[in-house]
Amino acid sequence: MKKLGLYIHIPFCLSKCYYCDFYSVPVSTGVPDEYLAAVSRQIDEYGLQNSEYVVDTIFLGGGTPSLMNEKQISSLLKHIYRRFNVSKQAEITMEANPGTVDKSKLKVARKAGVNRLSLGAQSFCSKDLSACGRVHSVNDNLRAVSDARAQGYKNINLDIMYGLPGQTMAEVIQSLGTAFKLGVEHISFYGLKIEEGTPFYNMRDTLDLPNEDSESEMYFVSRELMLQNGYYQYEISNFAKKDMFCRHNIKYWNGDEYLGIGPAAHSYFAGKRFSFKKDIKLYIDSFSDSPCQESIIDEMIDIPQSARVAEYVMLRMRLSDGIDCAKFFKLFGRDFDNIYYEKLKPYINSGHVLRTSKGYAFSPQGMYVSNYILSRVIDFDMNIPGI
Ligand SMILES: C[S@@+](CC[C@H](N)C(=O)[O-])C[C@H]1O[C@@H](n2cnc3c(N)ncnc32)[C@H](O)[C@@H]1O
Ligand code: SF4
């Protein structure tokens, strides 16, 4: 059986955080039933229950999936189980804003099969939360973790952000210290990116952002603290206790297949990459009784083999394990060194890229500037003889 990841996008939030450019719209009345009806119909269209695919990861992401009410969460998951072959050992993640979960919702979600909770805690410092326009408090963060534990969640992630306006090194350390004390299994540690179209972008000249040196200090000191506290860095921004890596997200970096459902969702399936338009109304209309004619497809790319090589290297290098040259040869029938050694050489010499027992990986310093290095090394239009 082939393995498949399933991503369901819930593009609704209580309000928009000042830094966020994920596709979601603010709602005060919860997730509309008509949206979830459209999601169910798209699930029906895929109908892979009798196929060669077994779904081994499900990710309810957003937006804010925890805005769904109890009934919506269990109906959605039941529908997925009916229409897909879902493995008994599947990792089923739900993203949750700590201000939108309570004991009852967590209990229902757990009963419906959610076994990994990803909480957007962001910080354990009140000042940071209000600086970002978050709708929850530090107490909500603490309560959400303890409620989740009480309901039997054994795999909890906290999203923690650094480089926030006015944030100090001591505050980052305090937030991480609280995460360690709570004993969560996984920490996604994101450096603030100022994205175009967000309130922070409009305020960018007046925001009190840490300078480059302070930001890199935050990253390296935090990385060290996480290692000391038993969190292994398996990807640029992701740290986990032993065997608690996010199996769903690893699929993205491994070049494995996944199907995305909902507006703005991306898929990589049967050799094609595609995404759906960021338009909730169009999405709902397309899956109504009298569907509109406009396509929901935003982009559909049949990736040529040479670009697939470039893409594989770009995604795999995000992982601490980096590139396994033997595996690369098995996948593409080409010698990795022949294609990439000369390009990597300056970064090997500078210590940003390391030779591992199996191939190549970024050093901690390399990881921090990986986007820059990869933009120099990888050429999607490169002509690779024989490919
Ligand atoms: C889809 S959201 C997580 C779930 C939920 N919506 C929430 O915020 O509580 C994914 C995570 O990406 C991170 N993120 C979003 N925009 C970011 C930005 N501009 N820079 C850095 N991290 C960002 C935040 O940590 C956020 O929790
Ligand atoms: S960070 Fe999460 S809660 Fe905030 S706007 Fe983005 S998706 Fe919504």
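**Figure 1. The area buried between domain 1 and domain 2 of this predicted model.** About 1100 Å² is buried between domain 1 and domain 2, and carbon and sulfur atoms give 59% of this area. Of the area that domain 1 buries against domain 2, Phe-220, Glu-235 and Ile-236 supply 44%, which is more than any other three residues. Domain 1 covers residues 2-252 of the protein chain, while domain 2 covers residues 306-377. The centres of the two domains, taken over C-alpha atoms, are separated by 28 Å, and the contact takes 13 residues from domain 1 and 10 residues from domain 2.

**Figure 2. The residues that surround ligand 1.** The shell around this ligand holds 18 residues, and the closest of them are Gly-63, Gln-122, Arg-134, Asp-159 and Lys-193. Divided by class, the residues of this shell are 6 nonpolar, 7 polar and 5 charged. Four strands each supply at least two residues of the shell, namely strand 5 (86-96), strand 6 (116-122), strand 7 (156-162) and strand 8 (186-191).

**Figure 3. The residues around ligand 2.** Among the residues around ligand 2 are Cys-13, Cys-17 and Cys-20, together with Ser-15, Lys-16 and Tyr-19. By class, the shell around ligand 2 has 4 nonpolar, 4 polar and 2 charged residues.

**Figure 4. Backbone geometry at Gly-63 and at Asp-243.** Most residues other than glycine have a negative phi, and most peptide bonds are trans. Gly-62 and Gly-63, however, are joined by a cis peptide bond, with an omega of about 15 degrees, and Gly-63 is found in the loop between strand 4 (53-62) and helix 2 (70-83). Asp-243 has a positive phi of about 60 degrees, although this residue is not a glycine. The loop that holds Asp-243 runs between strand 10 (238-240) and helix 9 (247-254).

Note on methods
Residues are numbered from 1 along each chain as its sequence is written. Chains are lettered from A and ligands numbered from 1 in the order in which they are written. This is a predicted model: local features need pLDDT of at least 70, side-chain atom pairs count only at pLDDT 80 or more; totals for chains, interfaces and linings use all residues. Side-chain values use heavy atoms; hydrogens and water are left out. A residue is near a molecule or strand if one of its heavy atoms lies within 4 Å of it. Ala, Val, Leu, Ile, Met, Phe, Trp, Tyr, Cys and Pro count as nonpolar, Asp, Glu, Lys and Arg as charged, and the others, Gly among them, as polar. Domain bounds come from an automatic or database domain assignment. Contact means heavy atoms within 4.5 Å. Buried area is the accessible area (1.4 Å probe) that two parts lose on being put together, summed over both.
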